[in-house]
Amino acid sequence: MSQLVTPHGKEKVLKPLLLEGEELTEAKKKAATLKKIPLTSRETGDAIMMGIGGFTPLEGFMSHDDWKGSVVDMAMTDGTFWPIPVTLSASKDQADAIGSGEEVALVDEETGEFMAIMTVAEKYTIDKVLECKEVFKTDDMEHPGVAVVMAQKEVNLAGPIKVLSELNFPTEFAGIYQRPADARAIFEEKGWNTVAALQLRNPMHQSHAYLAKVAIEVTDGVYIHQLLGALKPGDIPADTRVKCIDALVQNYFRPERVVQGGYPLDMRYAGPREALLHALFRQNYGCSHLIVGRDHAGVGDYYGPFDAHKIFDEIPMGALLTQALKMDWTFHCYQCGEMASMKTCPHSEKAVLDDDGNYVSGGRLLLSGTALRKMLSEEKPVPAEFSKPEVVAILREFYAGLEEKVEVKLHGAATGDVKK
Ligand SMILES: [Zn+2]
């Protein structure tokens, strides 16, 4: 009998909405005959999460009352805890053309793939500013999550869905992309009862490795769970991040204590609210804990560094089974002589390094993403205390590939030989 945390919701069972076999074939044929509603990248990610059971117990895109409950009270009308609304929008013309109870085909606007069939139960308009102020704590259009909400079309469509596709996630990210039931089966086979999820959307450096190791000390194992959905421009793509994790796990971990996985969602950058959503779907994946570091799921300086810690103490008891493993900012400290955090290290001075990455003075080794990119692109050594050589080598190769592509483009433009 599995001792893993039960899935979210009253029924405590996974509810994947993805059709299979004959049913799927028939539904695909039918979808081609229905009115088409385009899905944005975020909506497509949400549909896939419902398809694979990651968003259990949702049965479709939210109604007005569930939207409002989720936005204002983080709870749907039946009392189910839900910290960020999951909604679908359409233009007024599209919405007007749909009758009540009519089935429509939901189509990923980027690929044209039929993602789902929805039975439209309700059409409604929302106060987008209210949603932004409650969920993102701001209505500043510079916030990437706010921009996505404000760009939604005029009318929200609600109703149950049957999911037809996971897009190319299973093939493009074979071995990494997992459904919650897959992850649970792996954990059960390993005999794990408690599992800590480490959310990653950047390459895994020593600070992340330290978080993972602390988590392994207090649970049966760590689930390094990567975001495979859309990121901000300039972020490192998933395949490179996977290589970095492999290099670390093979050389510096007991591999039997680590499972890698990936999930199809886009980032919303909703900080504390998103930390709760991240914990909620990790519960569906069977994780008893989510590692929540400094400024989890934040962007810019919209959130305080520990807002995502505090919010776990503010939600009702039992709202989530998955608990936050709250971690401070972690780093190597030369004066401590080991990995440490703001909570443990008394040496407030930053470490100073020379041009070859050698230690000169100070304590805490804090490298910004910009400083790291500069070291990588200028072929300057990156201290092993910050990132292991195996990881650095993978990142150098990635940046070298980028530079070649940029050069090729510039060359093409300069000679007028630009291919269409
Ligand atoms: Zn120290």
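Let's start with the largest pocket. It holds about 1300 Å³ of space. Keep in mind that this is a predicted model. Which residues lie closest to the centre of that pocket? They are Asn-202, Ser-207, His-208, Arg-294 and Trp-329, out of 43 residues that line it.

Where does the lining come from? Several elements give two or more residues each. On the strand side, these are strand 8 (195–200), strand 11 (289–292) and strand 13 (330–333). On the helix side, they are helix 9 (206–218), helix 13 (369–377) and helix 14 (389–414). By class, the lining has 20 nonpolar, 15 polar and eight charged residues.

Now the second largest pocket. Its volume is about 530 Å³. Here 23 residues form the lining. Nearest the centre are Asn-168, Phe-169, Glu-172, Phe-173 and Leu-228. Helix 2 (41–52), helix 7 (169–172) and helix 10 (238–252) each give two or more residues to this lining. Which element gives the largest share? That is helix 10, with four residues. The classes here are 11 nonpolar, six polar and six charged.

Let's step back to the whole chain. How many helices and strands does the protein have? The secondary structure comes to 14 helices and 17 strands. The C-alpha trace spans about 70 × 65 × 40 Å along its principal axes.

Next, two helix pairs. Take helix 11, residues 272–284, and helix 12, residues 307–314. Their axes are 8 Å apart, and the packing angle is about 65°. The crossing is right-handed. Which residues meet there? Helix 11 brings Pro-272, Arg-273, Ala-275, Leu-276 and Ala-279. Helix 12 brings Asp-307, Ala-308, Ile-311 and Phe-312. Sorted by class, that contact has seven nonpolar residues, no polar ones and two charged ones.

The other pair is helix 3 with helix 5, the latter covering residues 128–135. These two pack at about 35°, with axes 8 Å apart. From helix 3 come Trp-67, Val-71 and Val-72. From helix 5 come Leu-130, Glu-131, Glu-134 and Val-135. This contact counts five nonpolar, no polar and two charged residues.

What does Ser-63 touch, leaving aside its neighbours within four places in sequence? Its contacts are Glu-122, Tyr-124 and Ala-158. Compare Ile-245, which is 182 residues away from Ser-63 along the chain. The C-alpha atoms of Ser-63 and Ile-245 are separated by 40 Å.

Two backbone details to finish. Going from Thr-56 to Pro-57, the bond is cis, with omega near 10°. Pro-57 belongs to the loop between helix 2 and strand 2. Where is Lys-12 placed? It lies in the segment before helix 1 (21–31).

Note on methods. Residues are numbered from 1 along each chain as its sequence is written. This is a predicted model: local features need pLDDT of at least 70, side-chain atom pairs count only at pLDDT 80 or more; totals for chains, interfaces and linings use all residues. Side-chain values use heavy atoms; hydrogens and water are left out. On a 1 Å grid over the protein atoms alone, a cavity is a set of points where a 1.4 Å probe fits but cannot get out, and a pocket is an open set with protein on both sides within 12 Å along at least five of seven lines; lining residues have an atom within 4 Å of a point. Grid points are joined across faces, edges and corners, and a volume is the space filled by probe spheres set on the points. Ala, Val, Leu, Ile, Met, Phe, Trp, Tyr, Cys and Pro count as nonpolar, Asp, Glu, Lys and Arg as charged, and the others, Gly among them, as polar. Axes are lines fitted to C-alpha atoms, for helices over the stretch in contact, and angles run from 0 to 180 degrees between N-to-C directions. A crossing is left-handed if the near helix is turned anticlockwise from the far one by less than a right angle, and right-handed if clockwise. Contact means heavy atoms within 4.5 Å.
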